[in-house]
Each structure stands twice: as C-alpha cells, then as structure tokens.
Amino acid sequence: MSEPTVMEIPAAPALAEDTLLLLFDPRSGTIAGEGNNLFHTLAGAVLVELAFQGRIDIDERATFKGRQVHAIAGEAPSDPILRDVWERVERKPTDVHSLILEIGPHLRARVLDRVVERGHIGREDRKVLGLFNTTALVDGGTSRRADLLAPVRAALVDGDEPDPRTAALAALLAASGGLPALYKDIPWSGAVYTRGQELQRGDWGAAAVGESVQRTMAGLIASNLFVTAFVANR
C-alpha cells in the first residue's frame, strides 16, 4: 500500500493563510466574504507576498489591458502556492485583474487546508436535521489568530503605525469587504473604514516597503479588487 501524500507546508504561514484566519469567525465557524470576495482577497494576498519577496513586479502605467504582472527571474519560491502563481506569470505575463480572476477560485481550498493542518482551524463532522452529513469549521484552539488580530486592530482602530506585514493584512481585510462582519473583534466605524482605505493606498507610515509592493497595491486598486469588494458588501 502506498504511503499517504503529505501536504507540503512551509514553516512560516503565508500571508494568504493569515488573511483567511483573520476573516474566520471562531464563534460562528464562518469566513467573512465567502465567495468571490474571498477568492479575490486571497489572490491579492498571494500577489502582495510575491512582491514582498521580490518575485514579481507590476507595471507602473496601465495599458489598454490594465497593469501587467511580470515574474522576476530567479529561483522559484519554495512555498507551493506562491510557486504556482509565480510560474504561471513567468510563462506568460498578464494583467492584474485577469490574474486575480484566474487564480482566486483555486486558492480557498488550498489555503484553508493549510490553516487546518497547522491546527488554527478545525473541521468537525456534524449531522443536519439528524440526517445529512456536513463538515463545520471550528476554532482550532491556538493563539495564532489572537496574535495576528492585536496589531491589526491597533492599526485600524487606534491608528498605530504597523509593520509592513501587519499593514498588508489590515489592507487586505479592508479590501475584502469583511471588516463590518468582524465588528466583535475590530469595532466597525467610519474611522476604521477611512483607515482601511488609507492602508489600501499604501499609507503605512514608517513601514518601509519597496516600489514593487507599492505598485502591487496600486495594481490591486486599479484592478477594482478593493472597490468591488466594498460595493458588494454595502
């Protein structure tokens, strides 16, 4: 009998994993922004992380097809999720919007599986009406979500200057349109909405980021990722 396939998981969680974990409500077992908004947000998280790592760049100016994403030559990323997207762009550069629509729907299952494998979210078999089998998401009992939430809430609610990764997480949460659903963890207000918009535009205070990351954030805005997520949740 062959050995079961072992999931290849890097030691450090990907930005997309932490984004999904923050959007997960451990009280209800739901993920804010499920559907297209979540797909787009996870795709945005992957592109931002590739930019952090210097693996991709995005044109400063848009063509009639939008801002093009290019792979930066070098060794492929070790993270399988990042590697797949980097290799896709290396084969053929494409515009941000098309790339998000292409990769987004395939990310939820892979990212969620990794968060579950790390123990931050659990899966629980249940019966509906005593007849139908279903699987529910439950709190995994680790401190990871709380550890991520504290600095993100400080950046959005208290106006603290975040480090680059926290700033990216807060911007992606705001972009997802899911912040109002997270009001028990991050009190929703006009000030939080405004601060989220600022972070999406790259107003990260003293958090120094490279031009590639700034162009990636600008490309996500130009692709209507952020605008679409907000309008869909009004």
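What follows is a short exchange about helix packing in this predicted model.

Colleague: Why are helix 1 and helix 7 called oblique to each other?

Modeller: The axes of helix 1 (residues 15-23) and helix 7 (residues 164-176) cross at roughly 55°. Roughly parallel needs an angle under 35 degrees, and roughly perpendicular runs from 65 to 115. The pair is therefore oblique. The crossing of helix 1 and helix 7 is right-handed.

Colleague: What makes the contact of helix 1 with helix 7?

Modeller: Helix 1 brings Leu15, Asp18, Thr19, Leu22 and Leu23. Helix 7 brings Arg165, Ala168, Leu169, Leu172, Leu173 and Ser176. By class, that is 7 nonpolar, 2 polar and 2 charged residues.

Colleague: How do you know that the span of helix 6 agrees with its 15 residues?

Modeller: At 1.5 Å a residue, helix 6 (residues 144-158) should span 21 Å. The end C-alpha atoms of helix 6 are 21 Å apart, so the two agree. Just after helix 6, Gly159 has a positive phi of about 75°.

Colleague: Which residues of helix 6 are buried, and what covers them?

Modeller: Arg145, Leu148, Leu149, Val152, Ala154, Ala155 and Leu156 are buried. Their cover includes helix 1, strand 1 (24-25), helix 7 and helix 8 (190-200).

Methods
Residues numbered from 1 in each chain as written. Predicted model: local features only at pLDDT ≥ 70, side-chain atom pairs only at ≥ 80, totals over all residues. Heavy atoms only, no water. Axes fitted to C-alpha atoms, helices over the stretch in contact; angles between N-to-C directions. Helix = DSSP H or I, 4+ residues; strand = E, 2+ residues; numbered from the N terminus. Parallel < 35°, antiparallel > 145°, perpendicular 65-115°, else oblique. Left-handed = near helix turned anticlockwise from the far one by under 90°. Contact = heavy atoms within 4.5 Å. Nonpolar A, V, L, I, M, F, W, Y, C, P; charged D, E, K, R; others polar. Expected span 1.5 Å × (residues − 1). Buried < 20%, exposed > 50% of the residue type's maximum accessible area, 1.4 Å probe, protein only.
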